[in-house]
Amino acid sequence: MTTGFTVEQLRAAVTDAVRAPSLHNTQPWRFRLHDGGIELSVDPLRRLPATDPSGWGARIACGAALFNLRLALAVAGTPATVRLRPYPADPNVVARLVPDVPRRPTPTEQSLYAAIGHRFSNRAPFWPDPVPAEARWRLGEAARAEHCWLELLIGTSAVNAFAEITRSAHRVLERDPAYVAERAAWIRSEPAPDGVPTTAAGPQGEPQDLLPQRGFGGRDRAPGRDFEPEPLVAVLGSPGNTSADQVVAGQALQRVLLAATDAGLSVSMISQPIEVSGAREALRLSLGRFGTPQMGLRIGYGQPGRPTPRRSVDEVLDVPMPQP
């Protein structure tokens, strides 16, 4: 009987875990094998001090990587039991996974796992085709399965309220020179294993846009042309806002993103109203939901694209030094 995970299982699962999204594609995670368990940690060297001073974004990203890790292990027939924040004295370790009873993967696990390699953030305008009710229901169920909620904003007034809060947060962020410089440092005009390629940036924003675009060096578009007049917007939230809640929200986010990918949908994330504390509170009050908003999402049908690059498995593994 296996008493712990092996290095081979760790490497195979991490290959999928690193496909998770992160702010500016910083990939702020580390993985190691310790006493037969797989441990996932925030990489403090890849934090964004201006954009993410509290570490919220890094924990969301690690939660998303954790969900991929769970899926990869389950589909391999070696599911894991997860303990969040296992070491109070080391808050950088966000989760520890140990082997659970072996079993066959469920059909849902298999379909979500198959979506990992196809998911990407689509920053281009979406087509006007409406997202059907069955797909909307699936996304809500994906959030609930991870103990979070997904509020789909229905109606012009709800979307406009979200847009106004987002534009206000965007203006606050853009007035911070450190924030602007930090974003620019992660723009990639040449092939690189991290950061946001200009080819994945989407078109540059225009003043008339309903939702603001982050400036990742995308192409210009004709002045006055609408980016997307009627997007489907959603807000993902969690019951609380502790560090553990944020890791849980990251898992829910990734499950929603993979469910959307499996349904043929495109998604991009809207985090400006989460990054500004006053805007997040305004968003919470506008929704009238119990809990804390953790991410905004733009959902629809879009043109094909490809995932952005990732660092190799070897770059994110912490391997113990051999004993003399």
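A: We start with a definition: a residue is called buried when its relative accessible area is under 20%, exposed when it is over 50%, and partly exposed in between, with a 1.4 Å probe and protein chains only. This is a predicted model, in which local features need pLDDT of at least 70 and side-chain atom pairs count only at pLDDT 80 or more, while totals for chains, interfaces and linings use all residues. Residues are numbered from 1 along each chain as its sequence is written, and side-chain values use heavy atoms, with hydrogens and water left out.

Q: Is R284 buried, exposed or partly exposed, and in which helix does R284 lie?

A: R284 has a relative accessible area of 28%, so R284 counts as partly exposed. R284 belongs to helix α9, residues 277-287, where helices (H or I, at least four residues) and strands (E, at least two) are DSSP runs numbered from the N terminus. If contact is taken as heavy atoms within 4.5 Å, then R284, leaving aside its neighbours within four places in sequence, is in contact with R289, G291 and P293.

Q: Is G4 buried or exposed, and which residues is G4 in contact with?

A: G4 counts as buried because its relative accessibility is 11%, and G4 lies in the segment before α1 (7-17). Setting aside neighbours within four places in sequence, G4 is in contact with Q9, G36 and P99. The C-alpha atoms of G4 and A249, which are 245 residues apart along the chain, are separated by 27 Å.

Q: How many helices and strands does the protein chain have, and why is the chain said to be as compact as a globular protein of that length?

A: The protein chain has ten helices and ten strands. Its radius of gyration is 19 Å, close to the 20 Å that the globule rule gives for 324 residues, so the chain is as compact as a globular protein of that length; the radius is taken over C-alpha atoms, and the rule is 2.2 Å times the number of residues to the power 0.38. Buried residues make up 53% of the 324 residues.

Q: How should I read a nonpolar core, and how many residues has the largest one?

A: In soluble globular proteins, nonpolar side chains tend to be buried together. A nonpolar core is here a set of buried Ala, Val, Leu, Ile, Met, Phe, Trp, Tyr and Cys residues joined through side-chain atoms within 4.5 Å. The largest has 54 residues, and L139, L150, F162, L297 and I299 are those with the most contacts inside it. Helix α7 (residues 243-262) gives the largest share of this core, nine residues. Another core, of 28 residues, lies apart from it and has F5, F31, A64 and A95 among its members.

Q: How many cavities of 30 Å³ or more are there, and which residues lie nearest the centre of the largest cavity?

A: Rolling a probe the size of a water molecule over the atoms shows where empty space is left. On a 1 Å grid over the protein atoms alone, a cavity is a set of points where a 1.4 Å probe fits but cannot get out, and lining residues have an atom within 4 Å of a point; grid points are joined across faces, edges and corners, and a volume is the space filled by probe spheres set on the points. The count comes to three cavities of 30 Å³ or more, and the largest cavity holds about 580 Å³ of space. Its lining has 34 residues, of which S121, R123, F216, S268 and M269 lie nearest the centre. Helix α2 gives the largest share of that lining, four residues.

Note on methods:
On a 1 Å grid over the protein atoms alone, a cavity is a set of points where a 1.4 Å probe fits but cannot get out, and a pocket is an open set with protein on both sides within 12 Å along at least five of seven lines; lining residues have an atom within 4 Å of a point.
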